Amino acid sequence: STEFLTLINMRVQVGLVCGAASMFVGDVVTQTVQHYLDKQGLNIRERPPTVRSTKSEQEDQGEEEEEEKHQFKTIPQIKWHRSIRLGLLGFFWRAPNQLCWYSIMERLLPGHQFHTILLKVGVTQSTFAIWMNMSTIFLAQFTASWSPSLAVQKVHHEIWPVLKQGWCFWPFVNLLNFSLVPMGGRVVIDSLASLFWGCYLCFVCAKALPQPKTKPQMKSQARSPKTP
């Protein structure tokens, strides 16, 4: 029994470390790719539009552009605090959720028959995938802004595109996991797949929320009082 508990603890530790590494590495790769895409003039980040009106602001903008061009000539400036934050999210949230879910699936739907595996994949993608992506996007935005309302807006804006992309990728990973990989190694396989998925998910979490469109205010014209 002691050897069994030691093996379980080792698998849990490996799963937690892999979960943290997938999000950390995914964000570092995302920032690096964004840097070189910006260098080539292909800015894929969503930034809120800014309005420049005065001459001094236009000069400041030119100075900022020159600074960005100078930065592009050097190595990417990684925001390590952001990568560490997302890595901790993978360690304390994503990996434990995956460990618990695979344990639940193994108890509720035991066996390796083909119809059982398909049922596991279907249940996972229709329930757990939605929960996991929604909670990850929410927590990533909340820990960045500490604003529950912004986190809810982020989920509302991003969840459907993320789910559509995930349904093109994760069912094949789940099929491999449930059919060939023992339960103790499934989180590891998920985390290896998350090295690719984490790049996309970290990019989604780092995107700025779209700014609401404001209607132009009509200037009220002051009317002169009528003379009798």
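Lys120 is buried in this predicted model, with a relative accessible area of 0%. Its charged side chain does have a partner: Lys120 forms a salt bridge with Glu106, and the closest N and O atoms are 3.6 Å apart. Since Lys120 belongs to helix H4 and Glu106 to helix H3, the pair ties together parts that are 14 residues apart in sequence. Glu106, for its part, is partly exposed, at a relative accessible area of 23%, a value that falls between the 20% limit for buried residues and the 50% limit for exposed ones.

Met105 is buried, with a relative accessible area of 2%. When neighbours within four places in sequence are left aside, Met105 is in contact with Pro110, Lys120, Val123, Thr124 and Phe178. Between Met105 and Leu119, which are 14 residues apart in sequence, the C-alpha to C-alpha distance is 10.0 Å.

The salt bridges come to three in total. Another of them joins the side chains of Arg82 and Asp27, with a distance of 2.7 Å from N to O. Arg82 sits in helix H3 and Asp27 in helix H1 (residues 2-39), so this pair ties together parts that are 55 residues apart in sequence. Both partners count as buried: the relative accessible area is 12% for Arg82 and 0% for Asp27. The remaining bridge links Lys154 to Glu158, where the closest N and O atoms are 4.0 Å apart. Here the two residues share helix H5 and, being four residues apart, are separated by about one helical turn. Lys154 is buried at 0% relative accessibility, and Glu158 is buried as well, at 3%.

Leaving out residues up to four places away in sequence, Ile137 touches both of them, along with Val155, Ile159, Val162, Leu201 and Cys205. Ile137 is itself one of the four residues, with Leu86, Val162 and Leu201, that touch the most other members of the largest nonpolar core, a set of 18 residues. Five helices each supply at least two residues of this core: H3 (80-108), H4 (114-145), H5 (148-167), H6 (170-180) and H7 (183-206). Of these, H7 gives the most, with seven residues. Apart from this set lies another core, of nine residues, which includes Met105, Ile117, Met132 and Phe178.

H3 has 29 residues and reaches 41 Å from its first C-alpha to its last, close to the 42 Å expected at 1.5 Å a residue. Along the way, H3 bends by about 40° at Gly90. For H4, the 32 residues should span 46 Å at 1.5 Å a residue, and its end C-alpha atoms, 45 Å apart, agree with that. H4 too has a kink of about 40°, centred on Gln125. Just after H4, Trp146 takes a positive phi of about 55°.

Finally, the protein chain can be viewed as a whole. Its secondary structure comes to seven helices and zero strands, so that the elements run α-α-α-α-α-α-α from the N terminus on. Of its 228 residues, 35% count as buried. Among contacts with a separation of 6 or more, 77% are between residues 24 or more positions apart. The chain exposes about 15,000 Å², and carbon and sulfur atoms supply 65% of that area.

Technical notes:
Residues numbered from 1 in each chain as written. Predicted model: local features only at pLDDT ≥ 70, side-chain atom pairs only at ≥ 80, totals over all residues. Heavy atoms only, no water. Core = buried A, V, L, I, M, F, W, Y, C linked by side-chain atoms within 4.5 Å. Buried < 20%, exposed > 50% of the residue type's maximum accessible area, 1.4 Å probe, protein only. Contact = heavy atoms within 4.5 Å. Expected span 1.5 Å × (residues − 1). Bend = angle between axes of the 7 residues up to and from the residue. Areas by Shrake-Rupley, 256 points an atom, 1.4 Å probe, with all protein chains shown as cover.
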